[in-house]
Every structure is written in C-alpha cells, then in structure tokens.
Amino acid sequence: MSPSRDQILGSIRRALRRGALAPEAVAACETRLVTHPRNLIPARARTLPPRGQVELFVKMAEAANATVARVREPREVPATIAAYLARLNLPQRLVRAPDPALDALPWSAQTLLETRRGIAADSDPVGVTTCFAAIAETGTLMLHSGPAGPTRNNFLPDTHIAVVRASQVVAAYEDGWDRLRAAPRDADARFAMPRTVNFVTGPSRTADIEQKIELGAHGPRRLHIVLIDDGATT
Amino acid sequence: MKATSRAFKDNARRALGDPQLQKALLNLRTGFAERRAHAVSQLPEWEKLRDEAVAIKRHTLANLDFYLEAFEQKVTAQGGQVHWCRDAAEANAAVLAICRRLDAQTVTKGKSMVGEEMGLNDHLEANGVTPVETDLGEYIIQIRHEPPSHIIAPAVHLTKEQIGESFRATHRALDPARRLEDARQMCDEARAILRPRFLAADVGITGANFLVAETGSSIIVTNEGNGDLTQTLPKAHIVLASLEKVVPTLEDASTILRVLARSATGQEFSAYTTVSTGPRRPDDADGPGEYHVVLLDNGRSALLGGEFEDMLRCIRCAACLNHCPVYQAIGGQSYGWVYPGPMGAVLTPSLIGVEAAGNLPNASTFCGRCEQVCPMKIPLPRMMRHWREREFERHLPPRTYRLGLAAWAFFVERPALYRRAADWGARILGYVGRARGRFRALPLAAGWTRTRDLPAPEGRSFMSLWAERVAARKRA
C-alpha cells in the first residue's frame with residue numbers, strides 16, 4: 001500500500017482521537033452498506049397510486065422542459081417519432097440504441113424515416129433510446145450503460161428521444177436503485193453496477209452567461225419522451 | 001492556485017469600483033436566491049431532509065477511514081484504481097502520470113473545484129498536456145486566463161459583452177462579422193468549438209459531488225452534459241475528489257441530492273446526475289477503458305474532531321455565496337483563492353493557513369443568512385468567529401486594529417462607563433451634525449466615511465432611551 005494512503009488514514013484516526021474502528025462500529029458500518037436503509041422519501045410521489053405517479057412523471061418532466069407524447073401500443077412509437085420530427089422540422093434521420101426493445105418496433109413502416117441501429121456519431125441529429133426506469137418525483141429518466149445502451153447515444157445527438165413504458169415509472173430514486181439491484185447483470189447472476197447510470201431531467205442547459213437559462217449547452221437541445229401507456233400499472 | 005487572499009482589502013476596494021463587475025453581480029440577487037426559495041417552498045419535507053443529510057455526513061465523518069477503505073475496495077474490485085494523495089503536488093503527479101502513460105495530448109475537463117485547488121491546468125500545460133475546460137463558465141474563464149469567481153457559476157462576474165469580446169479574441173477562425181450579442185449565440189458558438197475537442201480528447205477529467213462506498217461509484221451533478229461527454233468518450237476517466245465526498249450508500253447520496261440542486265440552482269433536480277463505476281465492462285457499447293479516482297486530502301483530515309469539522313459536510317451548492325451581502329457586493333475573485341463567500345471564508349484559512357487568509361473570516365456582517373440557507377446546516381458565522389479569535393490570538397491583525405479593539409474592550413467590560421460614554425458620544429455627535437444630519441468625514445472613522453456618509457445620531461443612545469422607557473412603564 002502507498003505511504004500516502006497509510007498517512008492519510010493515520011491522520012484521520014489521529015484527528016478523531018482513536019485507533020482503527022472498534023469491531024462493533026465496523027459491524028454497524030458494514031450492515032449499513034449491505035442493507036442500504038432508506039432515508040426519508042418525500043410524500044409527493046410515494047403516496048400516489050401508480051396511475052398518479054405516471055401523471056406526476058409527465059407533469060414534472062414537462063416542467064423541466066421535456067416534451068411528452070403518449071401512445072397506447074409500442075407499434076405506434078415510430079409513427080409518433082416521425083410526426084414529432086416533422087412537426088419541429090427536424091431531419092427524418094435517427095440512430096437507435098442496439099436495444100432489442102427498439103428492434104421490435106415497426107420502423108420500416110415509416111418510409112420517410114431513415115433509421116440506423118448502433119452507437120451514435122457526432123453527425124447523428126437524433127438519438128432514440130429506451131430507459132431503465134422513470135422517476136415520478138422529479139420527472140427524471142434513469143438509463144444505464146450496457147450492450148444495449150451506449151451512453152453517448154443520449155448525449156451526442158441534438159435531439160434525444162426516450163421511449164418509456166408506463167410500467168417503468170416509479171415514485172423515487174430509491175425505487176430505481178432497488179429495481180437495478182434486482183436486475184442481475186453479471187455471469188453469476190449477482191447484482192453488479194453498470195459502468196454508468198444516467199439520471200436525465202429535461203434537456204441540457206446552462207445559465208453561465210448572465211444567469212439566463214439557455215437550453216442545449218453541450219448535450220441534447222431537446223428531450224422528447226414517448227410514453228407507452230401499456231396499462232401494466234392500472 | 002496562487003492565493004491573493006492577503007490582498008483581500010485591496011481586491012474588495014477594486015471590485016466595488018468596477019462597474020462591469022457590479023452590473024454582472026446584479027444577476028445573482030434575482031437569479032439564485034429567488035429560484036432556491038421557490039424550490040424549497042415546493043417540498044414540505046425540506047427541513048427533515050436537511051436534518052437527515054446532516055446526520056448522514058456526521059456518521060460518515062465519524063467513520064471516514066472505514067468508508068474510504070470500503071470505497072477503495074469496491075473501486076478496485078471493478079477494475080478501477082484509487083490514488084491517495086496527501087497534497088496538491090501528489091495529486092497533480094498522479095494525474096500527469098496517467099496522461100503520460102496514455103500518451104495524452106489533450107484532456108477534456110468537467111468543472112472541478114478540487115482541480116482548481118490543485119492548480120491542475122497549469123501543471124498539465126507546463127508538462128505538455130493541453131487541458132480543455134468544457135463547462136461553459138469554466139471555458140470562458142480559461143480563455144480569459146482568470147480564476148473562477150463562484151463555485152457553481154465560475155463566470156458569474158462577467159457581462160455578456162465581456163464574454164463576447166473574449167470569444168472574438170479567441171475564436172479567430174470564425175467570421176469576424178458574425179453576430180455575437182446574446183447568450184444563445186455564445187452558447188451555440190462554444191458548443192460548436194468544443195464538440196470536436198470532446199471527440200479528440202485522450203483523457204477526460206471530472207470532479208465528484210459524491211463517492212459511494214457501497215458501490216465504489218463517483219457521482220457528478222451537471223446541467224450542460226459536458227461532464228458526461230468528458231467521461232464517456234476518451235480512453236480514461238479520471239475523477240478528482242477530496243476525501244470528505246464519500247457517503248455510505250446510494251440511498252444516502254439520493255437524500256443529499258434532494259437538497260443539493262434545490263439549494264444550488266433552485267432546480268427540482270439537475271439535468272444530469274451521473275453515477276460512474278469502474279471502467280467500461282467487456283460487453284459495454286461504449287465508455288472509458290480506465291477509471292481512476294484521485295483522492296485528495298490537502299489538510300482536510302486534520303479538520304476532523306475539531307471546531308472546523310462541520311465544514312467537511314459542505315456539498316459545494318453555493319447557497320451561502322448567493323445569499324451573502326458581502327459576496328454580492330464584491331464578487332468571488334476578491335477572496336483571492338478557490339473558494340469564495342462564507343464557505344470560502346471558513347475553508348480557505350483551514351487549507352492555506354490563517355496567516356494567508358485571515359482577512360476572509362473578517363469579511364462578514366454576521367447577518368446569518370449563510371447558515372440559514374445552508375442545506376447541511378454548517379454554522380458558518382460561528383466558525384468565522386473561531387478564525388477571528390485564532391487570528392487575534394496569533395497577533396496577526398495590525399497594531400492599530402488591536403489597540404482599537406483593546407480600547408473598545410476596556411469600555412465594554414465596564415457597562416456603566418460604556419453607557420455613559422456612548423450617551424455622551426451620541427449627544428456630542430448629534431449636536432455637531434445637527435445641521436446636515438450626516439458626516440462626510442470623521443476622525444478615526446475614515447474606514448467608514450471613505451465610501452459612505454455616517455448618519456448623525458439624533459441625540460441620545462439607544463440604551464438611555466430604553467432605560468427611560470422601562471422606567472416610565474414601571475411608573476404606569
């Protein structure tokens with residue numbers, strides 16, 4: 001171990017006027033890490049029924065300058081996206097994350113929409129992704145990296161479109177963590193953190209020039225959410 | 001970063017006379033404070049969340065050695081590396097060694113106050129590595145070769161006209177006749193200039209708002225998305241973090257996140273909260289191949305267990321700056337080092353010594369707003385008072401100041417004498433100043449009257465009027 005490491009740990013213990021932690025204190029800290037107890041979660045979303053959480057998610061996302069389109073069936077998603085791009089006069093050209101859930105959608109029916117599957121490049125004007133969960137409390141998307149989720153796809157393109165199922169909406173960040181912990185990722189089917197977990201609330205912004213908020217700093221200028229009301233929560 | 005905190009009084013005087021700065025600082029009062037107040041009003045659990053956030057940090061600091069070791073173990077298990085650094089020199093050397101090994105020409109940087117504390121940009125440049133700041137505010141001050149003036153809005157001291165001039169002077173390849181008048185145009189220009197830099201960088205450096213012991217993760221909170229492009233695209237991601245950033249679990253981080261954005265910008269949640277754990281996995285579609293955490297002490301461990309330990313709870317939201325009448329008047333650069341405002345007035349003497357920064361804890365009216373709005377309930381005024389006491393004990397203030405204080409103490413310790421002297425003083429000043437009602441100059445009070453008039457007392461001291469009122473009420 002490096003001498004700096006030992007000196008820093010020694011300095012911490014000296015300042016706290018103790019040696020290494022007593023075994024019972026170590027046990028208490030270890031338990032905290034293993035059981036990760038919840039702290040107070042605001043009532044705002046927690047007390048709502050699932051339908052109410054979906055409505056709150058939409059309201060909060062819109063308050064953070066995202067736009068939301070609602071559809072009944074997954075098969076409506078490509079047409080909805082094409083209509084959104086046409087309405088804003090944006091290029092009908094998108095890159096979609098290599099995600100089986102997106103592969104299953106009828107993209108070819110949109111004859112004017114040029115789609116590519118893979119990792120986003122700087123030249124891609126529109127990126128389409130799914131998400132892992134959606135947090136009602138603040139209208140926040142939760143995405144993570146993996147084979148189906150290149151992180152850059154939700155940062156490089158000017159327009160980020162996220163496809164969200166109503167059943168993915170949870171009340172709070174803590175619910176998102178618990179869902180992630182329950183989704184085993186490594187070979188032994190144990191929980192492993194993905195390299196990157198992104199919480200995304202609205203499009204990129206800055207207020208660095210005279211405190212005036214401008215959307216589209218370095219990340220997407222627009223965040224559009226296509227919400228599939230799949231009824232799983234009703 | 002070189003400290004000019006010794007020259008605080010001159011810095012402040014210059015700042016007060018700088019019309020551009022004064023214009024820029026007006027934006028603070030209407031922006032941050034109003035938005036924070038609104039966000040807080042939307043969350044009935046606000047006070048309870050603050051208490052829980054404080055409890056989390058207290059528990060962590062009491063067991064800091066355990067949580068840092070647990071954090072390191074998790075980072076290592078996932079293929080990352082923690083570099084323990086006692087001071088800025090060690091931290092700079094650790095970053096440079098990684099850059100050299102990867103043969104890095106340019107590094108992109110997300111905003112990091114620890115990076116400012118280390119003076120990392122100068123160190124990299126001196127060693128042939130080009131650092132590119134990507135946060136818009138940091139980029140602006142980098143091209144102007146200035147230190148930041150605010151911990152979350154580094155260019156808040158500048159007007160858009162000044163920024164436009166700097167863009168024209170720096171972006172020479174662009175059409176000199178282009179329009180560059182409003183924030184939108186400047187934002188788009190910076191985006192276009194920096195995008196290829198993101199794509200070309202060999203190493204990406206970010207700060208950290210939290211380190212999570214449970215998972216070995218670092219968390220950054222941003223709005224621009226620059227921190228994410230910075231850490232996702234290059235070969236390696238280096239995280240600069242001071243050791244008090246660690247919290248036990250993702251749940252604990254979530255609780256503090258609820259008070260962070262609301263206190264900082266008044267947002268419900270920042271646009272991007274990003275949790276990074278180790279390098280990219282073998283089957284990941286993208287991400288950095290290496291993950292390093294440069295863990296900096298730089299004097300913080302010595303603050304544990306003492307009267308400044310509470311300062312280690314600070315989450316760098318800047319609410320204390322935004323609500324400070326002194327900061328609002330003079331801006332951040334006057335403080336002369338990395339951390340300005342009330343949190344800087346406490347932290348700077350702790351990190352660079354009270355000899356160099358003794359002026360800062362004196363730059364307070366003790367109005368108490370900073371402590372009121374601090375999400376982590378740090379008793380900032382009390383700690384500034386501690387620093388003043390230490391400064392006095394070490395005979396650091398000038399002789400005239402000490403003599404004046406001794407004279408004042410002589411009277412204050414003798415209440416009857418003090419009251420009589422104050423009453424006579426008020427009567428005499430009231431008589432002399434009765435025509436104008438104020439003084440433009442007064443012996444021994446030049447420090448006050450140089451920049452403003454002193455109102456003339458209206459004849460009696462408060463204490464004598466009060467005594468009279470109490471006596472009258474007793475008679476009634």
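In this predicted model, Glu307(B) has a relative accessible area of 30% and is therefore partly exposed. The side chain of Glu307(B) forms a salt bridge with that of Arg390(B), with a distance of 2.4 Å from N to O. Glu307(B) belongs to the loop between E10 and helix H14 (319–322) of chain B, whereas Arg390(B) belongs to helix H19 (residues 380–393) of chain B, so the pair ties together parts that are 83 residues apart in sequence. Arg390(B), with a relative accessible area of 27%, is likewise partly exposed. Salt bridges that share partners also build one network, which joins Asp158(A), Lys212(A), Glu214(A) and Arg221(A) with Arg184(B), Asp188(B) and Arg191(B).

Over all chains, the count comes to 53 salt bridges. One of these is formed by Arg18(A) and Asp65(B), whose closest N and O atoms are 2.8 Å apart. Because Arg18(A) lies in the loop between helix H1 (3–15) and helix H2 (23–35) of chain A, while Asp65(B) lies in helix H5 (residues 64–77) of chain B, this pair joins two chains.

Strand E10 (residues 290–296) of chain B contains Glu290(B). When residues up to four places away in sequence are not counted, Glu290(B) touches several residues, among them Ile98(B), Arg101(B), Lys235(B), His237(B) and Pro279(B). The C-alpha atom of Glu290(B) is separated by 7.5 Å from that of Arg280(B), which stands 10 residues away along the chain.

On the surface, a nonpolar patch with about 770 Å² of accessible area together is formed by residues including Phe392(B), Tyr401(B), Trp408(B), Phe411(B) and Tyr418(B). Helix H20 (399–412) and helix H21 (415–432) of chain B are the elements that give two or more residues to this patch, and H20(B) gives the most, with 6 residues. Phe411(B), located in helix H20 of chain B, counts as partly exposed because its relative accessibility is 31%.

Chain A comprises 7 helices and 12 strands, and of its 234 residues 57% count as buried. Among contacts in chain A between residues at least 6 apart in sequence, 70% join residues at least 24 apart.

Notes
Residues numbered from 1 in each chain as written. Chains lettered and ligands numbered in written order. Predicted model: local features only at pLDDT ≥ 70, side-chain atom pairs only at ≥ 80, totals over all residues. Heavy atoms only, no water. Helix = DSSP H or I, 4+ residues; strand = E, 2+ residues; numbered from the N terminus. Buried < 20%, exposed > 50% of the residue type's maximum accessible area, 1.4 Å probe, protein only. Contact = heavy atoms within 4.5 Å. Patch = residues over 30% accessible without salt bridge, like charges linked within 9 Å, V, L, I, M, F, W, Y side chains within 5 Å. Areas by Shrake-Rupley, 256 points an atom, 1.4 Å probe, with all protein chains shown as cover. Salt bridge = Lys/Arg side-chain N within 4 Å of Asp/Glu carboxyl O.
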